[in-house]
Amino acid sequence: MDTTTTAAVRARELRKDFGEGPTRIEVLRGVDFEALLGQLTFLVGPSGCGKTTLISVIAGLLDSSGGEVRLFDQNIERFSATERILFRRKNLGFVYQQYNLLPALTAAENAAVPLLAAGVRRRAAVDLAKSVLLKLGMGNRLDTLPSKLSGGEQQRVALARALVHEPRLILCDEPTAALDHATGESVMELLAENAVHPDRAVIVVTHDTRVFHHADAIAHMDDGRIVKTESRHRNEIEIPEFEDAIPMLA
Amino acid sequence: MNFIALKMLTGDRAKYLGLIFTIAFCTFLLENQTSIFAGVLKRTGSQIADVTDAEIWVMDPKTEYFEQTKALKDTDLTRVRGVEGVQWAVRLFKGSPVARTGDGKFAVSICLGLDDGTLTGAPRKMLLGFWQRLREPDSVVIDKAGYVLLFPGEPLELGRTLELNDHKVTIVGISDPPAPFLSFPVMHTRYSEGVNFVGRERTQLSYVLVKPQPGVKAEELCRRIEAQTGLRARTSEQFQWDCIRYYLKNTGIPVNFGITITIAVIVGVVVAGQTFYLFTVENLKQFGAIKAIGVTNWRLIGMILLQAFTVGLIGFSLGTGMAGQFFDFFSQKIATRGLVLIWQSVALTGATIVFVMIFASILSLRRVLVLEPAVVFRG
């Protein structure tokens, strides 16, 4: 089987509502979406179109209101709460817009958190995290606290945290939104180089058009639906125009 | 994950120190006030505890506490001696004469007149001289605090004279009995002399001190004495508790201490609880990130309880250390002698701090447990 074309995530008619009665809001209105192993899939669209809700449902952080989402051919919504947590711990990595690093932990300790959560001993976990940080060019900042790191460095630590336990799916929410162009580009390069793997899928939520050339596939989302999907080799994807897309730097 | 919990806790230095200070302050206040409260109440019966020879005190049926005496008839002593099971019974006089020094300084004193023959109830802890010298005419043993009160700034010295109700007496010993409830000098003398130091009444016998025969229980003998004489008989311990109960019921002491203790508990619960709650609320996003990564709710509960236990333990230890230092310092002062940090107070305070931290943890846990891990995706 060619793993590069196997779906890591497959969503069918996925719906998600918030609230009830007259205050009910339909955020996802029947999403069909796929993310393939070995690919860097971008989920793009204007603010409020449901991108973040979609990856929250994919990650099992929110329950869907209808339809189905399968991760590695498993419907995790049928799992018990504990099974879902364990599944997430083993199979998922996260990169957030605001990094969400623990301010009291050093870069290496932050990167080691998923291993510590899985019960790996502290020393072994931190050593492994250091080796990942070294690959991401953070060798000289291993024992630095997040407050002493630049935005790009913090995002690299977050990336190390997402990679350290070798998950099969990495979900990135606006990983470059808080970074300048050069730093964002460098983070995306590191993501593409280190995260993309034949046995892993990477989903990046963004509306930063400057980094679209890194994508293997782009799913365009609008008003709670996937309206268009492009799949091609990296650097060949046409950059779409969104009303609120971050303008390219001159 | 424990080390992450501890690093999260200590990473926010201001809140961490604030929590520790709050708990330490609360601990200090609680241990301080409860120990002083217990010490002050214990003083109400200190003269009873100081009489180690006798086990039973016999008094007028209406006597409720040590200071409240109504003289018994001299024949009551004989009647008590006639009760089966009494090994011996002796008389004790308690009066409050004014003691005056040669240079005119005076103070109301507690005068205990001991049985002339046996000197039962004499102070056993002597700093200077011997209680046996009470057999000398016109002699008294005075406690150190009383001596310092009447002869301020002067060295402890035997042979000095005092005037008690126009009677000149000589100090033949300086004792160190438990501090009385009121800061009056405590003087021991013989019964036959003590009765002359106060205004003469028809009867003078304040108490009869009784020693049961071997094998006779003090409580049982009390019942017999009461049945046969119509007097009130209490064991030393019962009589001390009578005094404590009387002061609890009839004075403002429990209210005053109770207010302070209540304030300490409220301050502890509110400030420590709120600070810990705020600490958790400000770290909600961090907890969300940890939750999203795959940490179970049970593990999060463990992390929060560890944080609470850590600040609770450090704060409690510091507060207990401060209270220990406080009592160590003040136990050497005359006015506060005998007030010590009691283990019951430490245990009670420890239980209160556990309650405070559990309360604070529950507030915090609620927020963390209902937290949607998806919160981490919100910018």
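Local features are described only where pLDDT is at least 70, side-chain atom pairs count only at pLDDT 80 or more, and totals for chains, interfaces and linings use all residues. Residues are numbered from 1 along each chain as its sequence is written, chains are lettered from A in the order in which they are written, and side-chain values use heavy atoms, with hydrogens and water left out.

Start with confidence. The score used here is pLDDT, the predictor's confidence in each residue, from 0 to 100. Chain A averages 84, and 90% of its residues score at least 70. Chain B averages 88, with 98% of its residues at 70 or above. For the complex, the predictor gives an ipTM of 0.78 and a pTM of 0.75.

Helices here are DSSP runs of H or I with at least four residues, strands are runs of E with at least two, and both are numbered from the N terminus. Helix α3 of chain A (residues 107-111) has the highest mean pLDDT among that chain's elements, 94. Helix α7 of chain A (residues 181-194) has the lowest, 80. Over residues 242-250 of chain A the pLDDT is below 50. Beyond near neighbours in sequence, this stretch has 20 contacts in the model, a contact being heavy atoms within 4.5 Å. Where pLDDT is low, the predicted coordinates should not be read in detail.

Now turn to chain B as a whole. Its secondary structure comes to 12 helices and 12 strands. The radius of gyration, taken over C-alpha atoms, is 29 Å. Along the principal axes, its C-alpha atoms fill a box of roughly 95 × 50 × 30 Å.

How much of chain B is buried? Of its 379 residues, 52% count as buried. Buried means under 20% relative accessible area, exposed means over 50%, and partly exposed lies in between, with a 1.4 Å probe and protein chains only. The accessible surface of chain B comes to about 17000 Å², and 60% of that belongs to carbon and sulfur atoms. These areas come from the Shrake-Rupley method with a 1.4 Å probe; for residues, only the protein chains shown count as cover. Among the contacts in chain B with a separation of 6 or more, 78% join residues 24 or more positions apart.

B:Asp12 gives one such view across the sequence. This residue lies in the loop between α1 (2-11) and α2 (13-43) of chain B. At 25% relative accessible area, B:Asp12 is partly exposed. Not counting residues up to four places away in sequence, B:Asp12 touches B:Phe279 and B:Glu282. B:Asp12 and B:Phe279 are 267 residues apart along the chain, yet their C-alpha atoms are separated by 8.2 Å.

Next come the rings. Over all chains, the structure holds 22 aromatic pairs. Rings of Phe, Tyr and Trp (its six-membered ring) pair if their centres lie within 6.5 Å; planes under 30 degrees apart count as stacked, over 60 as edge-to-face and the rest as tilted. B:Phe93 and B:Tyr191 have ring centres 6.3 Å apart and planes at 85°, so they are edge-to-face. B:Phe93 sits in strand β2 (residues 86-95) of chain B and B:Tyr191 in helix α6 (residues 191-194) of chain B, so the pair ties together parts 98 residues apart in sequence. B:Phe93 is buried at 4%, and B:Tyr191 is buried at 5%.

B:Phe329 and B:Phe330 also meet edge-to-face, with centres 5.0 Å apart and planes at 90°. Here B:Phe329 is partly exposed at 44%, and B:Phe330 is partly exposed at 30%.

The test is NZ of Lys or CZ of Arg within 6 Å of the ring centre and within 35 degrees of the ring normal. A:Lys16 lies over the face of A:Phe18, 5.1 Å from the ring centre. B:Arg160 lies over the face of B:Phe151, at 4.5 Å.

Finish in chain A, at helix α1 (residues 51-58). Seven of its eight residues are buried, so the helix is largely enclosed by the rest of the structure. A:Gly60 follows this helix, with a positive phi near 80°. A:Ser56 itself is buried, at 2% relative accessibility.

Notes
Rg over C-alpha atoms; globule rule 2.2 N^0.38 Å.
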